[in-house]
Structure formats: structure tokens, C-alpha cells
Amino acid sequence: MAQSFPHKLPGEHVYDGVLFFGYSPPEVLDRVKTFPVREDDVFIVTYPKAGTTWLQELLWLLMHDGDFKGASETPLYLRSPFIEFKDDILGEDGFELARAMDSPRVIKSHLQHRFMPDELEHKDCKVVVLFRNPKDVLTSYFHFYRCSSSFGQFRGSWAEFFDMFLAGHVDHGSWFDFTESWWSQRDRENVKICFYEDFQEDLTSELSRLAEFLGKGHLAANVLSRIADHCSFSSMKKNPMTNHLDVYSINSDISPLLRKGQVGDWRRHFTVEQSEVFDMKLASKLGHLAIPFRYELPQQPSAQP
């Protein structure tokens with residue numbers, strides 16, 4: 001029997017077995033499957049709170065040859081639309097924003113592979129998938145649930161959210177299912193799997209690899225260095241185009257969108273027992289895949305989003 005939880009998402013619904021909040025309604029999820037994909041599109045795919053905003057800004061600047069002026073004039077959520085998101089109050093319809101946008105488009109999604117546009121299967125666009133160790137994902141998602149009215153401003157306990165996450169009873173569903181769905185695509189030439197912790201450890205090298213993958217290997221080293229500086233945690237947290245302080249649904253007094261940007265913050269939240277329970281769940285669900293998650297770095301660099 002499935003677990004039940006008292007917290008309800010605004011407009012929550014179950015779509016093909018996956019829980020979504022009301023800002024990804026069934027009709028939008030239906031339309032995503034029919035989205036017209038272009039050969040020069042770049043899709044950013046992450047589970048929520050895996051470093052999405054960071055990757056969006058990095059990739060937008062790479063795809064636009066370091067257009068820092070353009071990046072300073074338009075909020076990131078309008079430059080890199082969230083394809084399955086629709087908010088009438090904010091006036092943000094990710095599908096329509098993306099459909100009307102000039103190339104090259106940098107499009108964000110938190111969807112499992114099976115929910116993505118059908119044309120991804122035969123178009124030579126690029127897909128960049130960012131994974132983050134799941135204990136830090138859970139920790140960051142807990143704080144996002146607390147601060148955002150989009151998630152009903154969760155007021156339950158850490159222990160309750162821990163159980164919700166393990167059960168997949170959170171917006172966009174199970175992290176385990178999402179991760180398995182995209183790991184299975186790792187050998188496709190147009191799909192690149194990246195790890196948040198690798199970006200934290202050596203952003204310059206990871207940027208160079210991304211540039212090569214995206215056909216932007218011609219970008220000069222000084223441009224990549226400027227992008228790395230622009231996308232530092234302190235810079236993005238102060239930048240009104242990336243910090244989402246203008247978004248009505250996020251109460252930054254409770255927790256800002258860009259909170260700590262660290263590897264290993266989970267240790268401040270997980271009990272020893274919770275860590276062991278999580279490890280057992282991970283082993284039973286994904287252990288056979290041997291995905292190389294890292295839960296701490298030898299030396300913590302300056303924080304990134």
C-alpha cells in the first residue's frame with residue numbers, strides 16, 4: 001500500500017504515475033511530447049535542486065559566445081525557459097516561450113526521459129544532464145519546499161520530507177526513476193552526463209569540455225574564464241537576472257533560491273540512521289548502475305549555486 005502524506009502541492013496531480021504540482025498541468029505535459037525540436041537546440045535536464053540555475057547560466061553564455069550584455073538585460077528564466085512550467089501570475093509559459101524563441105535555444109526541464117519531446121529521439125540537438133549527489137539534492141529540495149508557495153510552503157518536519165522524497169511523493173516524482181531514466185541515455189552521442197561535484201571541483205575544465213560538446217570549442221580561454229567568474233556563487237546570488245528575487249512565489253527570508261551551493265551540506269541534516277536508510281534504498285534501486293556519486297570533496301572550493 002502506498003504511503004500517504006498530509007502535505008499537498010497546489011494543484012497537485014498524478015500524470016502517468018508521477019506526482020506534479022499545478023504549474024505543470026496535464027495539458028502542458030501532453031504538449032511537451034509534441035514540442036518541435038530544432039537541430040541546434042540545447043536541453044538542460046536536471047532533477048530539481050541539482051544545480052539547474054547554475055547550468056542554465058553557464059550554457060546560455062556558452063551558446064551565446066559570452067554575451068554578458070544580453071545576460072544582464074533579461075532574467076534567466078526568460079532566456080532559458082522551463083518547458084513544462086506555466087504560471088499565469090508570473091506570465092511565464094515555458095512551452096510558448098521556447099517555441100517562439102530564436103535559435104540557439106537553451107531549454108530547461110526536470111522531466112524523466114519518457115516525458116520529453118518525441119523529436120528528441122531523431123533530432124541531433126544536444127542534451128546536457130546534470131546529476132548531483134542525492135543527499136544534497138534532498139537537503140536543498142527540503143529548503144526549497146519550505147520557501148516556495150509553488151510547493152505550498154511546506155511546514156512539515158525534516159523527517160517527514162525525508163520520507164516523502166524516498167517515496168517519490170514530491171513534485172516531478174521519484175529522483176530514483178528520473179536518474180535511472182537519464183543514465184540509460186548516457187551512451188548517445190548527443191547526450192552528455194555531468195556531475196555537479198565535478199563542476200565544483202574544477203569549473204574551468206568542465207566548461208572546456210562542455211564547450212567542445214556544444215560545438216563551442218573556438219571560444220577563447222579568457223571568455224571561458226569570464227563565464228566561470230560570472231557564474232560564481234557570490235556573483236549569481238547578487239545578480240538580479242539569476243537570483244530569482246523578483247519571483248513572487250519564493251520567500252527568500254525563509255530560504256533563497258541560491259542557498260549555500262556546497263557539497264556535503266547533507267551532513268548537517270541527515271541523522272546516521274537516515275543516511276544508512278538512504279544508502280540501502282539507493283543500493284536497492286540503482287546499485288546495479290554503479291553511478292559515481294560523490295558526497296564530499298577533498299577540499300571544499302568557493303561555493304557554487
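Which residues in α6 meet Trp 158, Phe 161, Phe 162, Met 164 and Phe 165 in α7? They are Pro 134, Val 137, Leu 138, Thr 139, Tyr 141, Phe 142 and Tyr 145. Before we look around that contact, please keep in mind that this is a predicted model. The protein has 13 helices and eight strands, and 59% of its 305 residues are buried. Among contacts with a separation of 6 or more, 76% are between residues 24 or more positions apart.

**Helix α6 against helix α7**

- Helix α6 covers residues 134–147, and its axis comes within 10 Å of the axis of α7, with a crossing angle of roughly 120°.
- That angle makes α6 oblique to α7.
- The crossing itself is right-handed, as α6 passes α7.
- Sorted by class, the residues of this contact comprise 11 nonpolar and one polar, with no charged residue.

- Phe 161 sits in helix α7, which spans residues 158–167.
- Its relative accessible area is 0%, so Phe 161 counts as buried, the cut-off for that class being under 20%.
- Setting aside residues up to four places away in sequence, Phe 161 touches Leu 138, Tyr 141, Phe 142, Tyr 145, Phe 154 and Val 170.
- Leu 138 lies 23 residues from Phe 161 in sequence, and the two C-alpha atoms are 8.5 Å apart in space.

**Helix α11 and its two partners**

- Helix α2 (residues 52–63) and helix α11 (residues 221–230) have axes that come within 10 Å and cross at roughly 155°.
- This makes α2 roughly antiparallel to α11, because angles over 145 degrees fall in that class.
- The passage of α2 by α11 is a right-handed crossing.
- On the α2 side, the contact is made by Glu 57, Leu 58, Leu 61 and Leu 62, while α11 contributes Leu 224, Ile 227 and His 230.
- The residues of the α2–α11 contact split into five nonpolar, one polar and one charged.

The other partner is α10.

- Helix α10 (residues 203–213) also has an axis that comes within 10 Å of the α11 axis, and the two cross at roughly 120°.
- α10 and α11 are therefore oblique to each other.
- Their crossing is right-handed.
- Leu 203, Leu 207 and Ser 208 of α10 make this contact with Leu 224, Ile 227 and Ala 228 of α11.
- In this contact, five residues are nonpolar, one is polar and none is charged.
- Leu 224 and Ile 227 of α11 take part in the contact with α2 and also in the contact with α10.

**Thr 46 in strand β3**

- Thr 46 belongs to strand β3, which runs over residues 42–46.
- Thr 46 is classed as buried because its relative accessibility is 0%.
- The side chains of Thr 46 and Thr 52 are joined by a polar contact of 2.6 Å.
- Apart from neighbours within four places in sequence, Thr 46 is in contact with Thr 52, Leu 55, Ser 109, His 110, Leu 130 and Phe 178.
- Two of those partners, Thr 52 and Leu 55, carry numbers that fall within helix α2 (residues 52–63).

**Backbone features to check**

Some backbone points deserve a look on screen.

- Most residues other than glycine have a negative phi, and most peptide bonds are trans.
- Ser 103 and Pro 104 are joined by a cis peptide bond, with omega at about 0°.
- Pro 104 is found in the loop between α5 (94–100) and β6 (106–109).
- Gln 153 is not a glycine, yet has a positive phi of about 45°.
- The loop between α6 and α7 is where Gln 153 is found.
- With a relative accessibility of 30%, Gln 153 counts as partly exposed.
- Ala 290, also not a glycine, has a positive phi of about 50°.
- Ala 290 is located in the segment after α13 (272–286).
- A relative accessible area of 61% makes Ala 290 exposed.

How values were computed. Residues numbered from 1 in each chain as written. Predicted model: local features only at pLDDT ≥ 70, side-chain atom pairs only at ≥ 80, totals over all residues. Heavy atoms only, no water. Axes fitted to C-alpha atoms, helices over the stretch in contact; angles between N-to-C directions. Helix = DSSP H or I, 4+ residues; strand = E, 2+ residues; numbered from the N terminus. Parallel < 35°, antiparallel > 145°, perpendicular 65-115°, else oblique. Left-handed = near helix turned anticlockwise from the far one by under 90°. Contact = heavy atoms within 4.5 Å. Nonpolar A, V, L, I, M, F, W, Y, C, P; charged D, E, K, R; others polar. Buried < 20%, exposed > 50% of the residue type's maximum accessible area, 1.4 Å probe, protein only. Polar contact = N/O pair within 3.5 Å; in protein donor to acceptor, adjacent residues only side chain to side chain.
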